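Student: Could we go through this structure together? I would like to begin with the overall figures and then turn to details.

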Amino acid sequence: VVIKNVPTGAILESTKYDVSKNDDGSYTVKVPDGETSISDSLTMKVPESYKGEINLQIEAKATETNDNLDGLNFKTSVANDSVVMTTDETSVLTVSNEATNIVLTLDVTTSMVYNDYRKENHTSLHVLQKSAISTIEAYSSKGETNVNMTIFSKTAHNLGWMTSSEAIDYLKKLTQDENGNELRHWELNEKLETKLGITDVSTTNYKNAIAETVNVDFTGKSGNNVGYFISDGRPWDDASDTTREYYSIGKDYKDTDSWDKWETFIKDNKINFKAIGIGMPEDNKKAESFLQDIQFASGHKDIILIDEPTSMETIFLSTVDGTVSGDITDNIFGGDGKVTIDSIVVGDTTYNKADYPYGLSTDKLGGKLTFDFETGKYAYNGNGENITTDISKSFQVNVSDENGDKGSLDVNFELKAQPITDGLVKFEKGGDINLSNLENIVNLKEINLDNGKENKLS
């Protein structure tokens, strides 16, 4: 057996058969005398600097024992195998400790229960529930957290200020009956219709939801203010009603009074606001312009659209300060056919894809780690970690292609005990460069990256 197209500098090894390198760079696997077939998994060690794809050509020659006096009675089979290549990833983050006030405006219409994402009794509302809880937990891990929640359909109902634990308890009970039993999907829809203080859950009215939200009073609340407006579809009341003024607001709408109140609410309370679409892709597309209109109260129209429910929790967590997020598919190359994420390893615990159809959330790394096996998205929040010196954490991702070729990569996190506050930027191999503290430096002219020194910015 001869294996060709091995990258320069790479080494092929086997624990079962003799493998030797040929002068042309190919490798020969020696078949033991008397064997008519062999089977093995080879290990290929590739230099870290190699960035190309690897497509091995495997040539096997079978020779007949009989009727082969001239040595020409043989057959050669050739197969190609594109090897899965991975590279590690490193991010730098700073643990923060501060109080937060969260304003949540949540769409709880019937489409959160009845859509194509539902699997038996597990609905989009369950995914939102888990994601919102995870987000509140991440904020509360870094300091006192208060939550003010408004739920809406055609009408809206504000629940007032709650502690983080009270808000989490409310969200957990949202999909349960009075005895703590999880409701079946039709029972859950009935609860939305009759027991949440809202009416007509078959329609969606952004305008009413915002009118209720702007009444939130921050008096006596200290810390950072953040806001989330979350919906799974465009606002509407009746299929024949195309007047957007009735069910939404915007800067260029006729109802300037509603817009002025909303913009003042966001700006005067210094709310870090995010409008998020969590519906089916086609529903997110229809809602996009309306969510952008609402988001513009912050001075921009950069909204978040989540088309895959499996990644919702990870994307929500990535909005929390002190979180780093990424996508490991950017670090996977080659492979035959689709490359699948099989498992991740955190510490001494292996989490298999099959066990987490809606994504993984774990505290095994310290802090909160979320991972979506379908998309490869991850988020890690180190808030709540009591560190006095810089520390490193990591988890391993295991992947395979359709031929069974396997690969793995490490995702590394460098946790900094102290944020950079003096205008000094550290450049670390494999890490990110944090320039977030430079916004107040007004006389910045030049950064010299070539002099091998620490460069102070002023």
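Tutor: A definition comes first: accessible areas here come from the Shrake-Rupley method with a 1.4 Å probe. On that basis, the protein chain has an accessible surface of about 23,800 Å², and carbon and sulfur atoms account for 45% of that surface. Please keep in mind that this is a predicted model.

Student: What share of the residues is buried?

Tutor: Of the 458 residues in the protein chain, 45% are buried.

Student: And how many helices and strands does the protein chain have?

Tutor: The secondary structure consists of seven helices and 23 strands.

Student: What about contacts between residues at least 6 apart in sequence: what percentage join residues at least 24 apart?

Tutor: Of those contacts in the protein chain, 68% join residues at least 24 apart.

Student: Let us take the open sheet. What is its strand order?

Tutor: The open sheet has five strands in the order β8-β23-β22-β17-β18, and the pairing is mixed. Its edge strands are β8 (89-94) and β18 (349-352), each of which pairs on one side only. From one strand to the next, the twist averages 25°.

Student: How do β17 and β22 run, parallel or antiparallel?

Tutor: Strand β17, residues 340-346, and strand β22, residues 391-400, run antiparallel and are joined by five bridges. In that pairing, T340 is opposite S400 of β22, and I344 has V397 of β22 as its bridge partner.

Student: How many bridges are there between β22 and β23?

Tutor: There are 10 bridges between β22 and β23, the latter covering residues 406-416, and the pairing is antiparallel. F395, for instance, stands opposite V411 in β23.

Student: Where do N5 and E120 lie?

Tutor: N5 is in the loop between β1 (2-4) and β2 (11-13). E120 is in the loop between β9 (100-107) and α1.

Student: Changing topic to A138, in which helix does it lie?

Tutor: A138 lies in helix α1, which covers residues 124-140.

Student: Is A138 buried or exposed?

Tutor: A138 is buried, because its relative accessible area is 2% and the cut-off for buried is under 20%.

Student: What is A138 in contact with, leaving aside its neighbours within four places in sequence?

Tutor: With those neighbours left aside, A138 is in contact with L317, V320, N381 and N383. A138 and L317 are 179 residues apart along the chain, while their C-alpha atoms are separated by 7.3 Å.

Technical notes:
Residues numbered from 1 in each chain as written. Predicted model: local features only at pLDDT ≥ 70, side-chain atom pairs only at ≥ 80, totals over all residues. Heavy atoms only, no water. Pairing = 2+ DSSP bridges. Helix = DSSP H or I, 4+ residues; strand = E, 2+ residues; numbered from the N terminus. Axes fitted to C-alpha atoms, helices over the stretch in contact; angles between N-to-C directions. Buried < 20%, exposed > 50% of the residue type's maximum accessible area, 1.4 Å probe, protein only. Contact = heavy atoms within 4.5 Å.
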